Amino acid sequence: MPSQFLPFHVPQIDEDEICSVVETLKSGWLTTGVKVKRFEEDFARYLGCGHAIAVNSCTAALHLALEALGIKAGDEVIIPTMTFAATAEVVLYCKAKPVLVDCQSDTLNIDVRKIEQAITDNTKAIIPVHFGGQPCDMEPILQIARARGLHVIEDAAHALPASYQGKKVGTIGDITCFSFYATKTITTGEGGMATTENAEWAARMRMMSLHGISHDAWKRYTKEGSWYYEILDPGFKYNLTDIAAAIGIEQLKKCDAFGAARKRIATAYKEGLSNVPEIHTPVCASDVQHAWHLYVIQLDLERLKINRHQFIEALKERGIGTSVHFIPLHLHPYYRDNFGYKPNHFPHASAVFDRIVSLPIYPKMTEVDVECVLGAVRKVVERHRR
Ligand SMILES: Cc1ncc(COP(=O)(O)O)c(C=O)c1O
């Protein structure tokens, strides 16, 4: 047992981030400014993408992406049911309809074969979610999109750094959206980024992220700026602060090292659980680099005397924090009641939901922490196997 409770997540914040924030606080410029610009430039260089627009959440990035692509009332957007609230609610912000699709039961990514069946004359876009940090099978998704004239917005909230067939996530679909929420692979506390190769969409997202006022309006209080600005469209208040960007600049420098640390933990979990038949470890495709934001095991409930909730409670008693990703959207009252979704419409997600548990995985974990998690999982299984 760990001497102290091992939380599900602890961010890796070092002196670099602290000094960077202090320097920003002392600079006299707190909101969007040179730090945000630098963070965007560093991010675009890191991915090798044309444009990177920093915003205050991935939710904001997804909303701006849909808006820039012209999604409007009456349109339909295909999304996986196995995702977080944000992926669907942004479609509703645009007064369009989120059309849910089932997941594959092994990777928990969207089931590509079911996408085609969900397309109607009103479908305008697909939002694949790279579940847990594993890129979706993008080639067939892009093929379907090209054949049907649909846009592809990637929800890459979990997928930094990740790649698919050697291409970095952030350089594949029309627009890709990242999250820097506190638990994500790099963090700014709250924050997000949209990336694209398309200059027009980039300019639209940038303008709409700051009230729809003319470009560089953030400079209006600086020496090179002007008090004059024009409102070109009623936009949103989605800009990132320099304080947050100061953290992001430092976190981005460590992104690859963080990724390697997560991969080491994932490898240790896989090896450590290989002889525990009651636990199925995540399946990873051979042509992807997985970001390992999440490590989601599946319980073989037929071999256990306890259910998922009892399993989580037993791990908690042994000092291990866990979580569940996700309660599929079709099981939530809003989506169930407003769209008539039923569990049997999504057999894989519905079945898998009762079995999934997310184990802690973050660079701050020591080898001892990893061993403690493995020891606790083995003990709980031993005690409760049929
Ligand atoms: C799949 C997915 N998409 C989008 C988001 C939204 O990210 P943010 O909190 O940065 O808005 C999350 C957040 O957890 C997520 O898990």
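This report walks through selected helices, strands and side-chain pairs of one predicted model.

## Ground rules

Residues are numbered from 1 along each chain as its sequence is written, and side-chain values use heavy atoms, with hydrogens and water left out. Because the model is predicted, local features need pLDDT of at least 70 and side-chain atom pairs count only at pLDDT 80 or more, while totals for chains, interfaces and linings use all residues.

Buried means under 20% relative accessible area, exposed means over 50%, and partly exposed lies in between (1.4 Å probe, protein chains only). Among the buried residues are Cys58, His63 and Glu67.

Ser57 sits in the loop between β1 and α3. Its relative accessibility is 18%, so Ser57 counts as buried. A side-chain oxygen of Ser57 comes to within 3.3 Å of the backbone nitrogen of Thr59, at the start of α3. After α3 comes Gly70, with a positive phi near 80°.

## Strand β1

Strand β1 spans residues 51-55. Four of its five residues are buried, so β1 is largely enclosed by the rest of the structure. Its partner is β9, residues 192-196. The two pair in the antiparallel sense over five bridges (pairing takes at least two DSSP bridges). Ala52 stands opposite Thr195 in β9.

## Helix α1

Ile18 is partly exposed at 40% relative accessible area. Together with Ile13 and Val22, Ile18 makes a nonpolar surface patch of about 210 Å². Patches take residues with over 30% relative accessible area and no salt bridge; like charges are joined within 9 Å, and nonpolar side chains (Val, Leu, Ile, Met, Phe, Trp, Tyr) within 5 Å. Accessible areas come from the Shrake-Rupley method with a 1.4 Å probe.

Ser20 also lies in α1. Ser20 counts as buried, at 5% relative accessibility. Beyond residues up to four places away in sequence, Ser20 touches Lys35, Ala246 and Glu250.

## Salt bridges

The count comes to 22 salt bridges (a side-chain nitrogen of Lys or Arg within 4 Å of a carboxyl oxygen of Asp or Glu). One of them joins Lys35 and Glu23, at 3.2 Å from N to O. Lys35 lies in α2 (residues 34-47) and Glu23 in α1, so the pair ties together parts twelve residues apart in sequence. Lys35 is buried, at 15% relative accessibility.

Asp75 pairs with Lys124, with the closest N and O atoms 3.0 Å apart. Asp75 lies in the loop between α3 and β2 and Lys124 in strand β4, so this pair links parts 49 residues apart in sequence. Asp75 is buried at 3% relative accessible area, whereas Lys124 is partly exposed at 31%. Asp111 bridges to Arg113 at 3.1 Å. Asp111 is buried, at 2%, and Arg113 is exposed, at 63%. Salt bridges with shared partners also join Asp14, Asp16, Glu17 and Lys254 into one network.

Definitions and conventions
Polar contact = N/O pair within 3.5 Å; in protein donor to acceptor, adjacent residues only side chain to side chain. Contact = heavy atoms within 4.5 Å.
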